[in-house]
Amino acid sequence: CASDVRKILLETSSVQNNIAEALKEVCAFANSRSAIFFDTDGDSYHYVLPQYTGVVLTGDNIKYFMAELIRYAAELHAINGSTINVMCIKPNDHLKKTNEAFYNFLKEQKIFEVSLSAVVDNVNHTTILSTVNSRNSKSARMLAEKVAACFSIALQNKNRLSRTELAATTD
């Protein structure tokens with residue numbers, strides 16, 4: 001699955017569609033409710049399995065969810081200094097003690113597990129690939145760790161293409 005996701009992401013013909021297609025592959029492999037890829041600049045992409053479209057995070061809920069994941073990724077990066085960090089967040093007693101608001105949010109949203117891989121570059125720009133309610137959390141994290149950097153590269157390519165297209169139209 002990781003090689004299929006990498007291949008999809010690194011084809012430059014239609015990066016926007018490739019990110020969405022790759023998220024679909026991640027979601028299917030992880031057998032998760034949804035997959036999300038986003039960065040600290042505000043770009044975000046979501047895929048939700050059709051049977052879960054009624055429980056999609058939107059509006060302030062998705063903003064809060066992403067902000068919390070960024071906060072956890074930053075804390076993990078500060079602790080170990082690694083470029084790629086992987087973690088699992090569950091609404092358990094530890095989370096209730098350390099972040100009761102996020103614990104309550106996860107419970108309200110029927111989220112029992114979040115697997116994520118965060119990529120932090122040398123200027124602290126962060127991208128996060130996450131799955132929600134994976135049936136196999138360990139496999140989801142292993143896949144996310146293998147492909148998170150490719151998602152980041154695909155986003156950089158998309159942004160570079162957008163700037164090039166904008167420059168070409170303004171010349």
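How many helices and strands does the secondary structure of the protein chain come to? The tally is six helices and five strands, where helices (H or I, at least four residues) and strands (E, at least two) are DSSP runs numbered from the N terminus.

A quick note before the views. This is a predicted model, in which local features need pLDDT of at least 70 and side-chain atom pairs count only at pLDDT 80 or more, while totals for chains, interfaces and linings use all residues. Residues are numbered from 1 along each chain as its sequence is written, and side-chain values use heavy atoms, with hydrogens and water left out.

**View 1. The protein chain as a whole.** Reading from the N terminus, the elements go α-α-β-β-α-β-α-α-β-β-α. The protein chain has 171 residues, and 44% of them count as buried; here buried means under 20% relative accessible area, exposed means over 50%, and partly exposed is in between (1.4 Å probe, protein chains only). Take the contacts between residues at least 6 apart in sequence: 62% of them join residues at least 24 apart. A contact means heavy atoms within 4.5 Å.

View 2. Two strands pair if DSSP finds at least two bridges between them. Strand 3 and strand 4 (residues 114-120) have six bridges and pair in the antiparallel sense; look for Asn-85, whose bridge partner in strand 4 is Ala-118.

View 3. Ala-74 is in helix 3 and counts as partly exposed at 43% relative accessibility. Between Ala-74 and Val-120 there are 8.4 Å in space, C-alpha to C-alpha, although they are 46 residues apart in sequence.

**View 4. Strand 5 and its neighbours.** Seven of the seven residues of strand 5 are buried. Thr-126, Ile-128, Ser-130 and Val-132 cover one side, Thr-127, Leu-129 and Thr-131 the other, and all of these are buried. Strand 1 pairs with strand 5 in the antiparallel sense over six bridges, and Phe-37 has Leu-129 as its bridge partner in strand 5. Strand 4 also runs antiparallel to strand 5, joined to it by seven bridges; here Val-120 has Thr-126 as its bridge partner. Strand 4 and strand 5 form a hairpin with five residues between them, and Asn-124 in the turn has a positive phi of about 65 degrees.

**View 5. The aromatic cluster.** Which residues form one aromatic cluster? They are Tyr-64, Phe-65, Tyr-72, Phe-102 and Phe-105. A search of the whole structure finds eight aromatic pairs. Rings of Phe, Tyr and Trp (its six-membered ring) pair if their centres lie within 6.5 Å; planes under 30 degrees apart count as stacked, over 60 as edge-to-face and the rest as tilted. Tyr-64 and Phe-105 make an edge-to-face pair, because their ring centres are 5.0 Å apart and their planes are at 70 degrees. Tyr-64 lies in helix 3 and Phe-105 in helix 5 (residues 100-108), so this pair ties together parts that are 41 residues apart in sequence. Tyr-64 is partly exposed at 26% relative accessible area, whereas Phe-105 is buried at 6%.

View 6. Phe-102 counts as buried, at 0% relative accessibility. The charged end of Arg-71 sits over the ring of Tyr-72, 4.8 Å from its centre; the cut-offs are NZ of Lys or CZ of Arg within 6 Å of the ring centre and within 35 degrees of the ring normal.
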